Amino acid sequence: MSNVVDLSQVRENHYGRRAKISTSLKRLSRDNRKRLLGSYPYMRFWLHQLDAHYYAHFLRLHLGLRESLEQQITLAGEQFAVINQFDHHAKLFSAANYLPSDYQKSQLILADLEKLDAKLADDYHLPPQAERLISYMERASDVYSIALLGVLYMLDEQLSFAAPALLSGLRNNGVDTSKVCSYLHHHCGNRPSLWRFLRSLDSITDFQTQANVTIAATVTYEIHREMLAPRTFRQSVQRNVRRNEWLPLT
């Protein structure tokens with residue numbers, strides 16, 4: 001996995017006429033969607049083979065990521081920081097100026113899992129990719145906690161565009177999406193909040209801070225895409241299902 005982003009583009013956005021972090025983040029989003037749309041196995045699985053069982057595991061993965069992210073944001077308190085590692089000087093940013101009011105979504109996931117009555121293992125093991133992302137969030141929180149906003153943007157943006165298609169696939173596979181998909185339904189109507197979030201990030205004009213947020217979003221896109229690759233996702237499911245629900249790896 002590469003953590004490299006086009007910093008020249010971030011710098012251009014900073015010093016050029018359009019000093020907008022949203023330009024870099026939107027480019028990341030478009031590039032990610034192109035990669036997903038160009039992968040036939042990925043699209044076939046998530047649009048046509050997603051059923052209630054797989055959806056429960058998808059929710060459990062997102063629950064692990066969301067709970068960790070929300071915990072790190074809580075630990076950051078009222079201000080996000082970017083710490084210069086040479087002189088230890090900290091730049092502080094008020095969290096209230098950037099955090100969407102609805103950023104806490106772990107409760108939506110828990111409610112869906114309860115309604116699904118998913119038979120997940122009590123000692124559920126997150127896949128290595130999820131553990132890497134959680135570890136990344138923890139490290140980022142210690143040095144440049146504002147980078148957590150890049151993680152949040154990726155998780156919200158991805159589902160804001162994917163949720164309608166996922167809901168359609170679930171309905172085609174017999175899932176009553178009116179009862180067990182509040183997490184996805186929330187994201188279907190979440191684009192106005194996402195655009196407001198992007199506009200708030202545009203008020204960040206400091207190059208180092210722009211780079212921190214953009215790099216965090218890049219890392220999250222890459223790990224999340226790897227985590228949900230069909231074969232990787234199925235392997236994660238198999239490691240967690242109970243013995244009497246063992247699924248064939250196809």
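A residue counts as buried when its relative accessible area is under 20%, as exposed when that area is over 50%, and as partly exposed in between. With that in hand, welcome to these close-up views of a predicted model.

**Figure 1. Ser106 is a buried residue in helix α5.** Helix α5 covers residues 106-116, and Ser106 is part of that helix. The relative accessibility of Ser106 is 7%, so this serine counts as buried. Which residues surround Ser106, once neighbours within four places in sequence are left aside? Its contacts are Leu63, Arg66, Glu67 and Glu70. Take Leu63 as an example: 43 residues separate Leu63 from Ser106 in sequence, yet their C-alpha atoms are 5.8 Å apart in space.

Figure 2. The chain contains twelve helices and two strands. Reading from the N terminus, the elements follow the order α-α-α-α-β-β-α-α-α-α-α-α-α-α. Of its 250 residues, 52% count as buried. Sequence distance is worth a look here too: among contacts between residues at least 6 apart in sequence, 81% join residues at least 24 apart.

**Figure 3. Helix α4 runs from residue 52 to residue 76.** This helix has 25 residues, and the distance from its first C-alpha to its last is 36 Å, close to the 36 Å expected at 1.5 Å a residue. What caps the N-terminal end of α4? Asp51 does, with a side-chain oxygen 3.2 Å from the backbone nitrogen of His53. After the helix comes Gly77, which has a positive phi, near 80°.

**Figure 4. His53 belongs to helix α4.** Is His53 buried or partly exposed? Its relative accessibility is 26%, so His53 counts as partly exposed. The C-alpha atom of His53 is 10.0 Å from that of Asp117, a residue 64 places away along the chain.

**Figure 5. Helices α4 and α6 pack against each other.** Two packed helices are described by the angle between their axes and the distance between the axes. For α4 and α6 (residues 128-143), the angle is about 5° and the axes are 10 Å apart. Angles under 35 degrees count as roughly parallel, and α4 and α6 are therefore roughly parallel to each other. On the α4 side, the residues that meet α6 are Gly64, Leu65, Ser68, Leu69 and Gln72. Their partners in α6 are Ala130, Leu133, Ile134, Met137, Glu138 and Ser141.

**Figure 6. Ser160 is a buried residue in helix α7.** Helix α7 spans residues 148-172 and includes Ser160. With a relative accessible area of 1%, Ser160 is buried. Which residues does Ser160 touch, leaving aside neighbours within four places in sequence? The answer is His187, Asn190, Arg191 and Leu194.

**Figure 7. Cys181 and Cys188 are not joined by a disulfide.** How many disulfides does the structure hold? It holds zero. Cys181 is in no disulfide, and the nearest cysteine sulfur, in Cys188, is 9.4 Å away. A disulfide needs two cysteine sulfur atoms within 2.5 Å, so the 9.4 Å from the sulfur of Cys188 to that of Cys181 is too far for a bond. The surroundings of the two cysteines can be described as well. Cys181 has a relative accessibility of 1% and counts as buried, whereas Cys188 has a relative accessible area of 32% and is partly exposed.

Notes
Residues are numbered from 1 along each chain as its sequence is written. This is a predicted model: local features need pLDDT of at least 70, side-chain atom pairs count only at pLDDT 80 or more; totals for chains, interfaces and linings use all residues. Side-chain values use heavy atoms; hydrogens and water are left out. Buried means under 20% relative accessible area, exposed over 50%, partly exposed in between (1.4 Å probe, protein chains only). Helices (H or I, at least four residues) and strands (E, at least two) are DSSP runs, numbered from the N terminus. The expected span of a helix is 1.5 Å times one less than its number of residues. A polar contact is a pair of N or O atoms within 3.5 Å; within protein, one must be able to donate a hydrogen and the other to accept it, and residues adjacent in sequence count only if both atoms are side-chain atoms. Axes are lines fitted to C-alpha atoms, for helices over the stretch in contact, and angles run from 0 to 180 degrees between N-to-C directions. Angles under 35 degrees count as roughly parallel, over 145 as roughly antiparallel, 65 to 115 as roughly perpendicular and the rest as oblique. Contact means heavy atoms within 4.5 Å.
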